[in-house]
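Please look over the model below before reading on. The briefing that follows covers metal sites, pockets and sheets, in that order.

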Amino acid sequence: MGRNEQSIQLKTLEQIELMRAAGLVVAAALDAMRDAVAPGVSTADLDAVAEKVIRDAGAVPSFKGYHGFPASICASVNEQVVHGIPSTDQILREGDLISLDCGAILEGWHGDSAITVGVGETDPALLRMAEVAEDAMWAGIAAAARGVANGRGRLTDISFNIEKVVRRAGRYGIVDGYGGHGIGTEMHQDPHVLNHGKPGRGVRVIAGMALAIEPMITMGSPRTVELDDGWTVVTRDGSRAAHVEHTMALLDDGVWVTTAHDGGRGRLGDLVTARQP
Ligand code: MG
Ligand code: MG
């Protein structure tokens, strides 16, 4: 086992089941926000919706207070890529594209997931970008599932498959400098998961690993800049961006997507562990 592998927290099946419970809370919070998204709604309104779902479930919003972050969600509108701070001043308008990112802690275990949705009538090209990000995320998760099942998986097989799907779909920018991560008793753990790169590199993909996979792509350049608020990441060229995320855990026979209601079965079929109830 390499030095990098030693810093990765491996989970037991019982612990993965706890992560599943946290993941379902996050899924419910995202559902509630998706239903609430409409012209005239503020991103602070959406934050309140998510926080209520999380607290009503007996969980804690993991974003709130994380390195001083003031809210329970990140709401990133249009050219904002990730880490947008919810605000009563930011009112959604018809045609906006919004990424909603949310995390919850239940009994000490984390879930982390994001969706990108249109507000009202939205340019189909933007919705297509969100779909490409989602397809790329699932391709990355599938690569990890195959790798754990055949015993030959490496971390960057995930990265490679994400990039492959995005490149084949069109001329999108793949944001660099941000990416997926290990997750468990903390929201951000080793390893970092790049959204692009050559396959067959990095740590081995093994049972017990839990990772959040989160591609971020843009309609233009992949270059980003952080705003003076110290959080909001926007595209440098002002192009719109999409960001989606799921948390998944690897078992020896496949994957369990803890933040997906169906555990990933609909998208992954037999790549999902038989141990998921
Ligand atoms: Mg997230
Ligand atoms: Mg994350």
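**Briefing: metal sites, pockets and sheets**

D112 forms a bridge between the magnesium ion (ligand 1) and the magnesium ion (ligand 2), and the two ions are 3.2 Å apart. The model is predicted: local features need pLDDT of at least 70, side-chain atom pairs count only at pLDDT 80 or more, and totals for chains, interfaces and linings use all residues. Residues are numbered from 1 along each chain as its sequence is written, chains are lettered from A and ligands numbered from 1 in the order in which they are written, and side-chain values use heavy atoms, with hydrogens and water left out.

**Metal sites**

- The magnesium ion (ligand 1) is coordinated by D101 (OD), D101 (OD), D112 (OD) and E245 (OE), at 2.0 to 2.5 Å; donors are N, O and S atoms within 2.8 Å of the metal (3.2 Å for Na, K and Ca), and sites may look incomplete because water is not among the atoms.
- Along the chain, the donors of the magnesium ion (ligand 1) have the spacing D-x10-D-x132-E.
- D112 is in strand 5 and E245 is in the loop between strand 13 (241-243) and strand 14 (246-251), so this pair ties together parts that are 133 residues apart in sequence. Helices (H or I, at least four residues) and strands (E, at least two) are DSSP runs, numbered from the N terminus.
- D112 is buried, with a relative accessible area of 2%, and E245 is buried, with a value of 0%. Buried means under 20% relative accessible area, exposed over 50%, and partly exposed in between (1.4 Å probe, protein chains only).
- H181 belongs to strand 7 (residues 180-182) and E214 to the loop between strand 9 (210-213) and strand 10 (216-218), so the pair ties together parts that are 33 residues apart in sequence.
- Both H181 and E214 are buried.

**Pockets**

- The largest pocket has a volume of about 370 Å³. On a 1 Å grid over the protein atoms alone, a pocket is an open set of points with protein on both sides within 12 Å along at least five of seven lines, and lining residues have an atom within 4 Å of a point. Grid points are joined across faces, edges and corners, and a volume is the space filled by probe spheres set on the points.
- The lining of the largest pocket has 24 residues, and H83, G179, H181, H188 and E214 lie nearest its centre.
- Strand 7 and strand 8 (189-193) each supply at least two residues of that lining, and strand 8 has the largest share, four residues.
- The lining of the largest pocket divides into 10 nonpolar, 10 polar and four charged residues. Ala, Val, Leu, Ile, Met, Phe, Trp, Tyr, Cys and Pro count as nonpolar, Asp, Glu, Lys and Arg as charged, and the others, Gly among them, as polar.
- The second largest pocket holds about 230 Å³ of space.
- Its lining has 16 residues, of which R34, I115, E134, H246 and T259 lie nearest the centre.
- Helix 2 (13-36), strand 5 (109-118) and helix 4 (124-150) each supply at least two residues of the lining of the second largest pocket, with helix 2 giving the most, four residues.
- Eight nonpolar, four polar and four charged residues make up this lining.

- Five strands form an open sheet in the order 8-7-9-14-15, with antiparallel pairing; two strands pair if DSSP finds at least two bridges between them.
- Strand 8 and strand 15 (254-257) are its edge strands, each pairing on one side only.
- Strand 7 and strand 9 pair in the antiparallel sense over two bridges, and the partner of H181 in strand 9 is A212.
- Another open sheet has three strands in the order 3-12-11, with antiparallel pairing; strand 3 (80-82) and strand 11 (224-226) are at its edges, each pairing on one side only.
- Strand 11 and strand 12 (residues 233-235) pair in the antiparallel sense over three bridges, and E226 stands opposite V233 in strand 12.

Technical notes: 1 Å grid on protein atoms, 1.4 Å probe; cavity = no way out; pocket = protein on both sides within 12 Å on 5 of 7 lines; lining within 4 Å.
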